[in-house]
Amino acid sequence: MRILTIIKRVPDTAANIRILEDGSGIDKTNLNYVTNPYDEYALETALRLKEAKGGQLEVLAVSDNQDILRNALAVGADKAYMVEYADYDKLDPYNLSRIYAEVIKQKGPYDLILTGKVTIDDNSYAIGGYLAAFLGLNYVSHIVSAALEGDELVVEKETDRGSETLSISMPAILTHERGKYEPRLPNLRGIMQAKRKPLDVLKLEDLGITVTPAYEIVKLTPPPKKEGGRILESVDELVEVLKNEIKVI
Amino acid sequence: MGKRVDYRDFFLLDEELDFEYKAIRDTVREFVENEVKPIINDYWEKGEFPVHLIPRIAELGLIGSYFPEEYGGAGLDKLAYGLITRELEAGDSGIRSFVSVQTSLVMYPIYAFGSEEQKKKYLPKLASGEIIGAFGLTEPDAGSDPSSMQTRAYRKGNEWILRGTKMWITNANLSHIAIIWAKDEEGVIRGFIVERDMGYETQKMKGKGSLRASDTGEIILDDVVVPDENRLPKAEGLKYPLMCLTHARYGIAWGAVGIGISLLEEATEYAKERIMFGSPIARFQITQEKLADMLTWIQNANLVVYRLAYLDKIGKMTHHHVSYAKRYAVRAAKMVAEKARGMMGANGIMLEYNAIRHMANLEAVETYEGTYEIHTLILGELITGMDAFRVGDGKK
């Protein structure tokens, strides 16, 4: 079985994001980057599938930095592709998906493609849908786990009507919700082995596609600051505020 | 505006690291954040080592990282080992001590002074955490002066009879094997790999006010019979146990930096949140002076340990460099801990914050593996050419 996991490099979720004064983007000084957390869950599921049934696990990112791909190799992926693109963080999901799809066409076929349900930087939720459409693949979004039962791929997803167990035929694409299991940390041997694993750097020219961004970010403004709370002196005062100020009772 | 420097990596030492080193640092840092910090205070209060972490520590490859892969190591250098110990000790000195002892005091002597059979038999199992080791050098009456040890090894044909007591031994009660240093009948110090079922007894040392989340005990050797094949063939003399200590001290120096940086961070965050007299205390000049001092002390120590790693890489590190680093870095961490504790006021004495636990731990860390005073004498001897370890022996 050949599996591809698509991952994206995003600012650390714990980082304090500062916006540049002119609103043109975020201040990248000393900014720490991580693998998009939902992509990490996708990678963990891919690793578990590979460990259970064998096969080849490859990872793909559009980026200007190899670190997240090296990390993926360190936890157990076999091969990585990086499509070099400096402004990857500003690229719209349609064009990003076109690049992913082109790599999949040229380097595939894959039995299964996994990625996060969303990337936390642009919050678009669009990649899975675009790829399924571009490549004509079966698609389940927001899965929490996946396993192979014989040749059958069984996935679980949480919905408002309950936890669904679905059987899906491959080739397919799955996007991952926060998983049922935590992504693993790379161990030292894995980190050292990652150095020796193949990481192919591709350029858009090699893939034969050109990208015209569908939109550009005109202005970025920070979210409103949280206002401090108010300490009320008595229950009477609370009732007064709820009744006449906020008018909820 | 110039680039804003991260005070935690003031001289961009981490920023300059290659991918593997950053990845190793991040793995250990995440392990400590997610698996050590949430539980460590409970274990510290109970006075127990969290044994459930041993398989995780081993699985992540943190034991024996600088030994070749054929012996269960990760084939890494001492810079990686330094980063591992730095990040582990930001969690707790007890966790770092476990890894230091297993790696530098148990695996190292077997690797460096052992036979090929001994290496094959013990090293992979030590690296995988399947067996735990202890290092028996210190005795009730032989601490800073190990040459005065009382433990004896009597040769009897193809066997040795070991008799004596070792004290202040990390991992003693957890241990399956112990590296025991003993004097033979000619007074030569020799090392032995003694297995638990050969008959050594251990006793937990209770009532510690420091390193409470570390296992400390006595090892009692009451005529324990050890086959000659368990003697470390290449170790004859005091130099050999001291070589082990050099490696462990190297990790301690790095570990102290881990404590200092994490406490600088904790105190800074606290000072920015804590309002007194209408302002965050971080705005007060006295607080800022404290923080600037803490930054200076610990980042100087960070520069020292990075330099140490480089000297090791080019084969020029000596035990003098290690003494300098252990002495300075631990003292720097102690000074940082004291300031951090004070800055957090009454909260600073609570285990909920980390300063008081680190502060207490550092008392043991400054004492073991060569006290501050012993490292002072080592450096004093280097500078003056005169050994001040013994007085009144007629030397000039």
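Visitor: How many bridges join strand 7 to strand 10 of chain A, and do these strands run parallel or antiparallel?

Guide: Four bridges join strand 7 (residues 138–149) to strand 10 (residues 172–176) of chain A, and the two run parallel. Strands pair if DSSP finds at least two bridges between them. Helices (H or I, at least four residues) and strands (E, at least two) are DSSP runs, numbered from the N terminus. The model is predicted: local features need pLDDT of at least 70, side-chain atom pairs count only at pLDDT 80 or more, and totals for chains, interfaces and linings use all residues. Residues are numbered from 1 along each chain as its sequence is written, chains are lettered from A and ligands numbered from 1 in the order in which they are written, and side-chain values use heavy atoms, leaving out hydrogens and water.

Visitor: Which residue of strand 10 is the bridge partner of A:Ile143?

Guide: The partner is A:His176.

Visitor: What is the strand order of the open sheet in chain A?

Guide: Its nine strands follow the order 9-8-7-10-6-1-4-5-11, with mixed pairing. Strand 9 (162–168) and strand 11 (199–202) of chain A each have a single partner strand, so one side of each lacks a neighbour in the sheet. On average, neighbouring strands are turned by 30° against each other, direction ignored.

Visitor: Which strands does helix 3 of chain A touch?

Guide: Helix 3 (residues 93–107) packs on the sheet and touches strands 1, 4, 5, 6 and 11 of chain A; contact means heavy atoms within 4.5 Å. The direction of helix 3 makes about 145° with that of strand 4 of chain A. Axes are lines fitted to C-alpha atoms, for helices over the stretch in contact, and angles run from 0 to 180 degrees between N-to-C directions.

Visitor: Changing topic, is A:Ala214 buried or exposed?

Guide: A:Ala214 counts as exposed, at 52% relative accessibility. Buried means under 20% relative accessible area, exposed over 50%, and partly exposed in between (1.4 Å probe, protein chains only). A:Ala214 lies in the loop between helix 6 (204–207) and helix 7 (235–245) of chain A.

Visitor: What does A:Ala214 touch?

Guide: Not counting residues up to four places away in sequence, A:Ala214 touches A:Asp92 and A:Asn95. A:Ala214 and A:Asp92 are 122 residues apart in sequence and 6.2 Å apart in space, C-alpha to C-alpha.

Visitor: And how many helices and strands are there in chain B?

Guide: Chain B has 10 helices and 10 strands. Of its 396 residues, 56% count as buried.
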